[in-house]
Amino acid sequence: MQTAPDITGYRKHWAARFGDAPFLPMSRAEMELLGWDSCDVIIVTGDAYVDHPSFGMAIIGRVLEGQGFRVGIIAQPDWHSADAFGVLGRPNLFFGITAGNMDSMVNRYTADRRMRSDDAYTPGGAGGRRPDRSVIVYAQRAREAFRDVPIVIGGIEASLRRIAHFDYWSEKVRRSVLLDAKADLLVYGNGERQICAIAHRLAAGESIHAITDLRGTAFVRKAVPAGWIEIDSTHLDAPGALNPPVDPYAMAAAPLNRAGAVEVGAPAVTAAPTAAAAPCGGIPAEAGGERVVRFVRRVKNADREHSVIRMPAYEAVAADPVLYAHASRILHLESNPGNARALVQRHGDAELWLNPPPIPLATSEMDWVYERRYARAPHPLYGKANIPAYKMIRFSVAIQRGCFGGCTFCSITEHEGRIIQSRSETSVLREIETVRDTVPGFTGVISDLGGPTANMYRLACRSREIESACRRPSCVYPGICPNLNTDHSPLIQLYRRARALPGIRKVLIASGVRYDLAIESPEYVKELAQHHTGGYLKIAPEALAEGPLSKMMKPGVAAYDRFEELFERYSREAGKEQYLIPYFIAAHPGTSDQDMLELALWLKQRGFRADQVQAFLPGPMATATAMYHSGRNPLRRITRDSEAVLIPKGLKVRRLHKAFLRYHDPNNWPLLREALRRMGRADLIGSGRRQLVPAYQPPGTGGAPEGRRGGGRPFRTQHTGLPRPPRRTALKPRS
């Protein structure tokens, strides 16, 4: 894999003489106390400012501070005018715009498109403190406040909306957020490597428009530069004929050569072609002239750095769901930093250019990022207000980034990548000691040592060469790749050293455990069960049937059963009564009513009663979202006749699938009885142990479509990457 300059190797900006701020300033008064006359960079965020490495604005702000720049924070500004965006004055270098730790639409709306009443990233948990599509709104207001200041957008909302994407809340394909925000540059991924380079290059006097060679960024240009080789994406993955049948009596259009280029000198087409007729270009020839686009099928390795894949134009993917699925597949195939090529997608008369993904951070860089001078607390401006998201993570420590699981409903891979970036053991232990010594209210319990997944620490491909060439979307599906190192010994050693630190009574693991990996190391399961579980452990089968599992890229139930067997055995050996919390998703692409019925029966047989369940939410850029929109499976080659995917759409079917997971709620019984009769399974209506719902209806029930919450000891199903983290409670299986 290619290398990149170490982010700690830059010469510090002159403003480093001011030193580190206790908190990054949110007002002019704080700036004056620090001796600043201006900020070099101002970060605008949709979250409350919490100076903790679990919050994106804090990491980027402290990383820039570590490079010597003066960074200010504008958190959750009033977006109804530009006034709030001028509170810190004009930044010397750029505005950094982020929606926060979550996509603003996911934050504000449920999977059923209902507005949420709360927000875990706001003081008091109050909802309504950020606008829909926050990146767009904030960027436009910042431009209104200071028209000549460069605007760089980033964070998960910008990252996952970097190309034309299906938007679930408007049920249409939207343009890249870069164009709608009218920003100068988009940073995708975690962003430390890119943001350091941008700041230093701007400080050196370079124009923001000249920064076109930076990996992990997207920008708009008028045309593909000379010397670049264009590759038509349909040559890599042919979706099939895009045009209607040819009318033999129509006037002939200009012939195409075998490479897909318009023949030079061919007669011009009288009528301008439509986007659907020219999916990868969408640019009509000028009147009386010719347009020549030369595509190359095979590019020599030496020319890869100057080759770009021409994606179907925005207008084409917006009009054609199959082309959208094709574009999604190409994007995911070009996601490995070791072999990805640049992508270009036409939006009207503009070319959206995506550089290849950034080179992952090395261990030493990860250590440097996470050991900045974080206050590990909310800004004093908030007083004693409770910020729910901070309360959850204040005693947690991140040990790694990235995920090679490739679950299609989750966007971690699209944002952080599938190459694991791990911190050193000594750095993690130092942070635990910092939490112990400085965070108010610490009682000796570390709430989590983890990341996107609990047990991928230091796991990687056995061969760097193979890793750089690989295009598999998952290292563990349909089975664990033989080239994957699954040795959990470094993680086991980290756990043991962490819990041996003075003043540490317990180290819990709250991040989701990838159980198909864990069973490769029974010693890890033993360590987890006997020392790092507080009664309940969450794992995510998500489904049981092959239909949805194959579309999720999740392992079969046999891996769950094996993990459960090991977990229960080691818990008994330690004299502990502990239980697993299984997580499931309703209405995922590929799920039938029969699949949900079988899952409901499995839950009842095991004595589980779900308190809350999560229906599939089609987040931007996820592979499962492409399935939802197109009805095709982008995990395989896309053609007009390729595999059709069953999509549970519509409020009625989504409610039914959620009702199966809450089979025990009397409010769901009328809906379930109707479905069982329709499915020819009326034999499951009754009060027997093997039946699902009773025939009688308790008075006063059956009116609420999804039932009331509460009662008993619940488990909760959660869609990975969504807000409102799960309660740490579960139902104890009945004997």
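Mentor: The expected span of a helix is 1.5 Å times one less than its number of residues. Keep in mind that this is a predicted model.

Trainee: What span does helix H21 reach from its first C-alpha to its last?
Mentor: Helix H21 covers residues 593-605, which is 13 residues. At 1.5 Å a residue, 18 Å is expected. The distance from its first C-alpha to its last is close to that, at 18 Å.

Trainee: Which residue just after H21 takes a positive phi?
Mentor: Within H21, several residues are buried, among them Asp593, Leu599 and Trp602. Just after the helix, a phi of about 80° is found, and the residue that takes it is Gly607.

Trainee: In what order do the strands of the open sheet with E21, E22 and E24 stand?
Mentor: The sheet has 3 strands, and the pairing is parallel. Strand E21 (536-542) and strand E24 (614-615) each have a single partner strand, so both stand at the edges and one side of each is left without a neighbour in the sheet. The order is therefore E21-E22-E24.

Trainee: How many bridges join E21 to E22?
Mentor: These two strands run parallel. One place to look is Leu537, which stands opposite Leu580 in E22. The number of bridges joining E21 to E22 is 5.

Trainee: Which residue in E24 is the bridge partner of Ala586?
Mentor: Strand E22 spans residues 579-586 and runs parallel to E24, with 2 bridges joining them. For Ala586, the bridge partner in E24 is Ala615.

Trainee: What angle does the direction of helix H20 make with that of E22?
Mentor: Helix H20 (residues 557-573) packs on the sheet and touches E21 and E22. Another helix, H23 (residues 651-661), lies across E22 and E24 and runs at about 165° to E22. For H20, the angle with E22 is about 160°.

Trainee: Is Arg423 buried or exposed?
Mentor: Arg423 is found in the loop between strand E17 (421-422) and helix H14 (425-438). Buried means under 20% relative accessible area. Arg423 has 0% relative accessibility, so it counts as buried.

Trainee: With which side chain does the side chain of Arg423 make a polar contact?
Mentor: Leaving aside neighbours within four places in sequence, Arg423 is in contact with residues including Asp367, Tyr370, Glu431 and Tyr457. The polar contact has a distance of 2.5 Å, and the partner is the side chain of Glu431.

Trainee: Why does His13 count as buried?
Mentor: His13 lies in the segment before helix H1 (28-34). Not counting residues up to four places away in sequence, His13 touches Asp40, Gln67, Gly68, Phe69, His200 and Ala203. It counts as buried because its relative accessibility is 15%.

Trainee: What distance separates the C-alpha atoms of His13 and Gln67?
Mentor: Along the chain, the two residues are 54 residues apart. In the model, their C-alpha atoms are separated by 6.3 Å.

Trainee: What is the mean pLDDT of the protein chain?
Mentor: In the chain, 87% of residues reach 70 or more. Over residues 241-277, however, the pLDDT is below 50, and it stays under 50 over residues 283-294. The mean for the chain is 89.

Trainee: What percentage of residues in the protein chain is buried?
Mentor: The chain has 24 helices and 25 strands. In strand E21, 5 of 7 residues are buried. Over the 735 residues of the chain, the buried share is 59%.

Conventions: Residues are numbered from 1 along each chain as its sequence is written. Side-chain values use heavy atoms; hydrogens and water are left out. Two strands pair if DSSP finds at least two bridges between them. Helices (H or I, at least four residues) and strands (E, at least two) are DSSP runs, numbered from the N terminus. Contact means heavy atoms within 4.5 Å. Axes are lines fitted to C-alpha atoms, for helices over the stretch in contact, and angles run from 0 to 180 degrees between N-to-C directions. Buried means under 20% relative accessible area, exposed over 50%, partly exposed in between (1.4 Å probe, protein chains only). A polar contact is a pair of N or O atoms within 3.5 Å; within protein, one must be able to donate a hydrogen and the other to accept it, and residues adjacent in sequence count only if both atoms are side-chain atoms. pLDDT is the predictor's confidence in each residue, from 0 to 100.
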